[in-house]
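Q: Hi! I'm new to this one, could you walk me through it?
A: Happy to, let's take a look together.

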Amino acid sequence: MTKNKAVLEWVNEMAKLCKPDHVHWCDGSLEEKNQLEEEAFKTGELIKLNQEKLPGCVFHRTAINDVARTEDLTFICTPYQEDAGPTNNWMTPEDAYAKAGAIFDGSMKGRTMYVMPFSMGPIGSPFSKIGVQLTDSIYVVLNMRIMTRMGKTVFDHLGENEDFTKCLHSKADLDVKRRLILHFPEENTIWSVGSGYGGNALLGKKCLSLRIASYMARQEGWLAEHMLIMGVEDPTGYIEYIAAAFPSACGKTNLAMLIPPEGLKRKGYRIWTVGDDIAWMRIDSDGRLWAINPENGFFGVAPGTNSKTNPNAVEMVKKDTIYTNVVLKPDGTVWWEGGDGQAPEEGIDWQGRPWKPSLVDEKGEPIKGAHPNSRFTVPIMNCPTISNRVEYHHGVPITAIIFGGKRAQVAPLVYESFNWQHGVYVGATMASERTAAQFGTFGEIRRDPMAMLPFCGYNIGDYFRHWLEMGKRMQKPPKIFHVNWFRLDEKDKFLWPGYGENLRVIEWIIERCKGNREAVETPIGYLPQPASLDMTGLDLSPETLEAVLSVNIPQWQEEVKSQGEFLDTIGSRLPVELRQEYEALAGRIGLQ
Ligand code: O2Y
Ligand code: MN
């Protein structure tokens, strides 16, 4: 399939280590997909779903100890710890290769090693990067086939070039004690062993497109970010594009596929989805920032996805979808908590056990049928709102960058930073409150700079420096905003209705970028005057709108103190400009 010497030598070397019975070079064809599915149906790795109701859909259950990314087992492997920085787990490359090598050794005996050439981004685009993943999991091959451009064309494009990311993956024995997700940015290499799921195993996603790509992006002068990209078509038919970073589990997929509320739909607004998770952004000759989505599919969370939260997602997962860890219904369809329709009277839960909605655990709590991190993997082309520019080699021009967190208090619905440097500070200090579903104390603040805390492949201080330098190189940088859809009132009720209504805020953001809307200057940035948000058709009292837009000074004094403590943890590579932004904010808020 390829004569590329570097590929052939590396595949040989890895095959010697993992000792598979067979090596299969993936061409990415439909016949190959069908064959692999048939094989996986026989072993039980996949279950064929009801093809009348869910054509082209299949179902998979992971091992019960393998249901999410494992940040504590994820490492950046560089000779010096300082280069991985204070926010990453670190190992020397020697230690990492030795530890993981011992687990990979013979891990594919009795199995087939699949060789998958893949492109992140349209094949041939100057934005795109090529990877080759080796894996012993058919489930992983079929997911990568959806999430990336995978197959022989990628090798044809690579030719003799040695510039590709070497991605080695084996499920091995799925023992969590023998699981490691290792990144070698200086060697353009990823080794992942002991997990068969999600971000741990689909190496084009978080491992390549964020951790390795963020390192490349710094070297090469671009940005690899944990951001959705969406086009907002205004009533004149003009489309502005925005990129938005939110920590995991903040509704990025829903926002990327938003359906305008009636009031704004009547005005003529439409949303076009470019991507829901990752943005690669470069400065073009027009001095603007242009973005592509390097992925080719969505790996979305099933629970909570329904016709109210995301009607487009409900539509797109009706065909050609891989479902993972949801409830299997007796009619060969699937269900999840927070999905459409009633829970089935009976079914099989994500662990393969008989399940019914009335089951409770020893504490009397309902037993969930679908795992909270259960997923659908679906081709981007299934999305009803897909942008016609997803295949454009230069992507889309970005007008605004939005940072957001899940904050019960403090952060108002929206504010605009004063300039690029202040915007970088806003992104660097953004935070979410931990929810009951996560590790740690409920309500505890987790700072998640640019939503990249688990994904930045190098020292976060250098990453902030890179953002500041990017701003200096752009003649027309995007404006930077912060949003918070999750503010609560004193009875713990959301002040803002969210979902489609968020377009009202996005409209204000875009109009601000065009210089068309008024704003109030506050110590934290520019906020909308309540009258400058279009509230047509939304029943929200003026008092509630005022509350969700309020800047509570005593709360902000505490917040700024906590931001300062976070900056102290970054160490000597924290850019002085961010310390200056802190001092300036502290002064404005009356802290000094
Ligand atoms: O749990 C996993 O392995 C998947 S995590 C994930 C998947 C799709 C998009 N974003 C994320 C994330 O954690 O940010
Ligand atoms: Mn994500």
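A: We can go through a metal site, some cavities and a loop residue in turn.

Q: Before we start, what kind of model is this?
A: It's a predicted model, so keep that in mind as we go.

Q: Okay, metal first. Which protein atoms are the donors of the manganese ion (ligand 2)?
A: Three residues provide them: Lys206 through NZ, His226 through NE2 and Asp277 through OD, lying 2.2 Å from the manganese ion.

Q: What spacing do those donors follow along the chain?
A: The pattern is K-x19-H-x50-D.

Q: And where do Lys206 and Asp277 lie?
A: Lys206 is in helix 8, which covers residues 204–220. Asp277 sits in the loop between strand 15 (270–275) and strand 16 (279–283), so this pair ties together parts that are 71 residues apart in sequence.

Q: Are those two buried or exposed?
A: Lys206 and Asp277 are both buried.

Q: New topic: how many cavities of 30 Å³ or more does a search of the whole structure find?
A: It turns up two.

Q: What lines the largest cavity?
A: There are 15 lining residues, and those nearest the centre of the cavity are Tyr415, Thr429, Trp556, Glu559 and Gln563. Two elements give two or more residues each to this lining: helix 12 (420–428) and helix 16 (553–568).

Q: How does that lining split by class?
A: Nine of the residues are nonpolar, four are polar and two are charged.

Q: Last stop, the loop residue. Where is the place of Leu453?
A: Leu453 is in the loop that runs between strand 28 (445–447) and helix 13 (460–473).

Q: Is Leu453 buried or exposed?
A: Leu453 has a relative accessible area of 16%, and because buried means under 20%, it counts as buried.

Q: What is Leu453 in contact with, leaving aside its neighbours within four places in sequence?
A: Its contacts are Thr87, Asn88, Arg446, Arg447 and Asp448.

Q: And how far apart are Leu453 and Leu585?
A: They are 132 residues apart in sequence, and their C-alpha atoms are 23 Å apart in space.

How values were computed: Residues numbered from 1 in each chain as written. Chains lettered and ligands numbered in written order. Predicted model: local features only at pLDDT ≥ 70, side-chain atom pairs only at ≥ 80, totals over all residues. Heavy atoms only, no water. Helix = DSSP H or I, 4+ residues; strand = E, 2+ residues; numbered from the N terminus. Buried < 20%, exposed > 50% of the residue type's maximum accessible area, 1.4 Å probe, protein only. Contact = heavy atoms within 4.5 Å. Donors = N, O, S within 2.8 Å, 3.2 Å for Na, K, Ca; no water. 1 Å grid on protein atoms, 1.4 Å probe; cavity = no way out; pocket = protein on both sides within 12 Å on 5 of 7 lines; lining within 4 Å. Points joined across faces, edges and corners; volume = space filled by probe spheres on them. Nonpolar A, V, L, I, M, F, W, Y, C, P; charged D, E, K, R; others polar.
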